[in-house]
Amino acid sequence: MFGSKKTDEEKAESKALLELRLAVPGGMMVRKDPLRFTAPGQMDVPVKGAKVTIDRGEAAKRITATRVALTGPFALAMKKDTTRLFITIEGADGSALLLDCPIKKEAAARKFAILVHTKHAADEDATD
């Protein structure tokens, strides 16, 4: 009578999207249709199949392929900042997104990573 009724599946999808949007670290957004992460000046990464890696500045000693792809030969010379977290989001299609945030937001960043991995696991279970 007053607008369209959402199915239970649509309600669950909306709730998951809202939860994901609330957990997103600064400078990044979640877009819908298709569901993807986006940040200014970087390529979009689909949420489905995404893997999130969180490194503390002082612990990020390894040089990953993503880091080399995003920074080129400067990856070897990049100084590690102990007051920052580096969040790498890698898509199943090879796309990648690199964010940094203050170390004081580590708990929120880790919650975000858990939500993405949980969403990814739920998507894979549903397709099997």
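The legends below describe close-up views of a predicted model.

**View 1. The loop between strand 1 and strand 2, with the cis peptide bond between Asp 33 and Pro 34.**
Asp 33 and Pro 34 are joined by a cis peptide bond whose omega is about -10°, and Pro 34 is placed in the loop that runs between strand 1 (29–31) and strand 2 (36–38). Asp 33 lies in that loop as well, and its phi is positive, at about 60°, although the residue is not a glycine. With a relative accessible area of 66%, Asp 33 is exposed.

**View 2. The salt bridge between Asp 44 and Arg 36.**
The structure holds four salt bridges, and one of them pairs Asp 44 with Arg 36, where the closest N and O atoms are 2.9 Å apart. Asp 44 counts as partly exposed, at 33% relative accessibility, and Arg 36 also counts as partly exposed, at 22%. In general terms, side chains of opposite charge can pair when their charged atoms come close.

**View 3. The salt-bridge network of Arg 56, Glu 106 and Arg 110.**
The side chains of Glu 106 and Arg 56 meet in a salt bridge with an N to O distance of 2.6 Å. This pair links distant parts of the chain, since Glu 106 belongs to helix 3 (residues 106–127) and Arg 56 to strand 4 (residues 51–56), 50 residues apart. Glu 106 is buried, with a relative accessible area of 15%, whereas Arg 56 counts as partly exposed at 32% relative accessibility.

**View 4. The salt bridge between Arg 84 and Asp 100.**
Arg 84 forms a salt bridge with Asp 100, and the closest N and O atoms of the two residues are 3.6 Å apart. Arg 84 lies in strand 5 (residues 84–90) and Asp 100 in strand 6 (residues 96–102), so the bridge ties together parts that are 16 residues apart in sequence. Arg 84 is partly exposed, with a relative accessible area of 23%, and Asp 100 likewise counts as partly exposed, at 40% relative accessibility.

The side chain of Ser 95 makes a polar contact of 2.6 Å with the side chain of Asp 93. When residues up to four places away in sequence are not counted, Ser 95 touches Met 43, Asp 44, Val 45, Pro 46, Ile 89 and Glu 90; among these, Asp 44 is the salt-bridge partner of Arg 36.

**View 5. Buried and exposed residues of helix 1.**
Helix 1 (residues 8–23) has 16 residues and reaches 23 Å from its first C-alpha to its last, which is close to the 22 Å expected at 1.5 Å a residue. Leu 17, Leu 20 and Ala 23 are buried in this helix. Seen down the axis of helix 1, the buried residues fall within an arc of 130°, so they line one face of the helix. On the other side of helix 1, Asp 8, Lys 15, Leu 18 and Leu 22 are exposed. An α-helix has 3.6 residues a turn, so residues three or four places apart point the same way.

Methods
Residues are numbered from 1 along each chain as its sequence is written. This is a predicted model: local features need pLDDT of at least 70, side-chain atom pairs count only at pLDDT 80 or more; totals for chains, interfaces and linings use all residues. Side-chain values use heavy atoms; hydrogens and water are left out. Helices (H or I, at least four residues) and strands (E, at least two) are DSSP runs, numbered from the N terminus. Buried means under 20% relative accessible area, exposed over 50%, partly exposed in between (1.4 Å probe, protein chains only). A polar contact is a pair of N or O atoms within 3.5 Å; within protein, one must be able to donate a hydrogen and the other to accept it, and residues adjacent in sequence count only if both atoms are side-chain atoms. Contact means heavy atoms within 4.5 Å. The expected span of a helix is 1.5 Å times one less than its number of residues. The arc is that of the directions from the helix axis to the C-beta atoms.
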